Amino acid sequence: MQIRGLLQEGEHYAGIILGKEEPDYHLVLLPGEAHDVSWPAACEWAAAHAGGLPTRRELALLFANQREVFAREWYWSSEPHETRSQLVWGQNFASGIQTIYGRPYRGHARAVRRIVSG
């Protein structure tokens, strides 16, 4: 599959996510960035840009393969904490650390889209 040929202007190919219970898929970082947004606002922003917030695994892949197109800031994931639903995971693009913050915390957001393999 020629993923790079499917990219639209401003998009960046991040790599493949190997499926666990779901099929493998390719991750594409969409253009644009939201600044100083709460988690609910970040979710709305990503949806308005025809994408979604990345998962924790996807953020790790983005840090590994597309770090240079991110500000050295903290970015929201789509994943609430497993046992403390008022907290949400995120990725620090300065240090690479993933940690949790409350939904009202104001961070950055990027949107992604997924292309299923095969």
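At 68% relative accessibility, A50 counts as exposed. A50 is found in the loop between helices α1 (39–48) and α2 (56–66), and has a positive phi of about 60° although A50 is not a glycine.

D36 also has a positive phi, of about 55°, and is not a glycine either. D36 belongs to strand β3 (residues 34–37) and is partly exposed, with a relative accessible area of 45%. Helices (H or I, at least four residues) and strands (E, at least two) are DSSP runs, numbered from the N terminus.

## About the model

This is a predicted model, where local features need pLDDT of at least 70 and side-chain atom pairs count only at pLDDT 80 or more, while totals for chains, interfaces and linings use all residues. Residues are numbered from 1 along each chain as its sequence is written, and side-chain values use heavy atoms, leaving out hydrogens and water.

## An open sheet

Now let's look at the strands. An open, antiparallel sheet is formed by three strands in the order β1-β2-β8; two strands pair if DSSP finds at least two bridges between them. At the edges are β1 (12–17) and β8 (112–116), each pairing on one side only.

Strand β2 (residues 25–29) runs antiparallel to β1, and five bridges join the two. Within β2, H26 is the bridge partner of I16.

Conventions:
Buried means under 20% relative accessible area, exposed over 50%, partly exposed in between (1.4 Å probe, protein chains only).
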